[in-house]
Amino acid sequence: LVQNSVRTIIEYGCGDGNQLKLAKYPAYIGFDVSRDAISLCKDIFSKDNSKTFRLMSEYRGETAQLTLSLDVIFHLVEDDVFYKYMERLFDSSEQFVVIYSSNTDVQDRTRAPHVRHRRFTNWVDEQRPGWDLLQYIPNRYPFAGNPVEESLAGFFIYKKSQIGT
C-alpha cells in the first residue's frame, strides 16, 4: 500500500473486523450484507474516524484506489450475485483489486451449501480485460485434505492497465 501511495480502500465483505484490526488504512469503507457484522465493526472501531461501515444495500457508487475481497467469492453461490459482486469489485476500484479466494471450478463433494468454488480469474479475463494480474501469492498452507488448517485460497492482486486510460 505504502509503495503505491494507496490512501483509499473499500472492502466488500468486511465481516467481523478481525482482519481489519491488523491493517492500517488511511481511509477505509467496509461493506457487508450482515447488519450484525456492520454493527459489530462500528462498535469495535467507534473511535477510529478513518473507518466507515455500511450495508451493501447502502452502496452509492463510492470508489477507492484499492478494493478488497477477502474470503467472499466462494460464498457467492448464485450466479447473478457473483456477477454483480465482481462488477462492483472491479468497477469501484481506481487502481488495484486484491482478492483472497479459491480459484477453481472443482467442487468438493462434501462442500457446505453456502460454498461454491469458482475460477473467478476466467471472469476477470473475459469481463474486465483492462485489468492485469500483477501478482499471485499462493497459500502458505495449501489444501491437502485438512479444512481446519489448510485452504484452497490464495491472494490475487490485480492492477488496472495503463493502456487506454
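Reader: Let's start with a strand. Which residue in S7 is the bridge partner of Phe 96?

Author: That's Lys 159. Keep in mind that this is a predicted model.

Reader: What makes S5 and S7 a pair of strands?

Author: Pairing takes at least two bridges between the strands. S5 (residues 93–101) and S7 (residues 154–160) are joined by six, so they pair, and they run antiparallel.

Reader: Which other strand is joined to S7 by six bridges?

Author: Strand S6 (residues 131–137), which also runs antiparallel to S7. There you'll find Gln 135 standing opposite Ile 157 of S7.

Reader: How many helices and strands does the chain have, and in what order do they come?

Author: Three helices and seven strands. From the N terminus on, the order is β-β-α-β-β-α-β-α-β-β.

Reader: What makes the meeting of Ser 161 and Asp 132 a polar contact?

Author: The limit for such a pair of N or O atoms is 3.5 Å. The side chains of Ser 161 and Asp 132 make theirs at 2.9 Å, so the pair falls within that limit. Leaving aside neighbours within four places in sequence, Ser 161 is also in contact with Pro 129, Gly 130 and Trp 131.

Reader: On to helix H1. How do you know that its buried residues lie on the same side?

Author: The buried ones in H1 (residues 35–44) are Ala 37, Ile 38 and Cys 41. They cover an arc of only 95° around the axis, and that puts them on the same side of H1. As a rule, an α-helix has 3.6 residues a turn, so residues three or four places apart point the same way.

Reader: What do the buried residues of H1 pack against, and what does the opposite face carry?

Author: They pack against strand S2 (27–32) and strand S3 (51–55). The face turned away from the buried side carries the exposed residues Arg 35, Asp 36 and Asp 43.

Reader: Why do you call the meeting of Asp 48 and Lys 51 a salt bridge?

Author: The nitrogen has to come within 4 Å of a carboxyl oxygen. Here the N to O distance is 2.6 Å, so the pair qualifies. The search of the whole structure finds five salt bridges.

Reader: Which parts of the chain does the salt bridge between Asp 79 and Arg 118 tie together?

Author: The two side chains meet at 3.1 Å, N to O. Asp 79 lies in helix H2 (residues 79–91) and Arg 118 in the loop between S5 and helix H3 (120–127), so the pair ties together parts that are 39 residues apart in sequence. Salt bridges that share partners join Asp 79, Arg 116 and Arg 118 into one network.

Notes
Residues numbered from 1 in each chain as written. Predicted model: local features only at pLDDT ≥ 70, side-chain atom pairs only at ≥ 80, totals over all residues. Heavy atoms only, no water. Helix = DSSP H or I, 4+ residues; strand = E, 2+ residues; numbered from the N terminus. Polar contact = N/O pair within 3.5 Å; in protein donor to acceptor, adjacent residues only side chain to side chain. Contact = heavy atoms within 4.5 Å. Buried < 20%, exposed > 50% of the residue type's maximum accessible area, 1.4 Å probe, protein only. Arc of directions from axis to C-beta.
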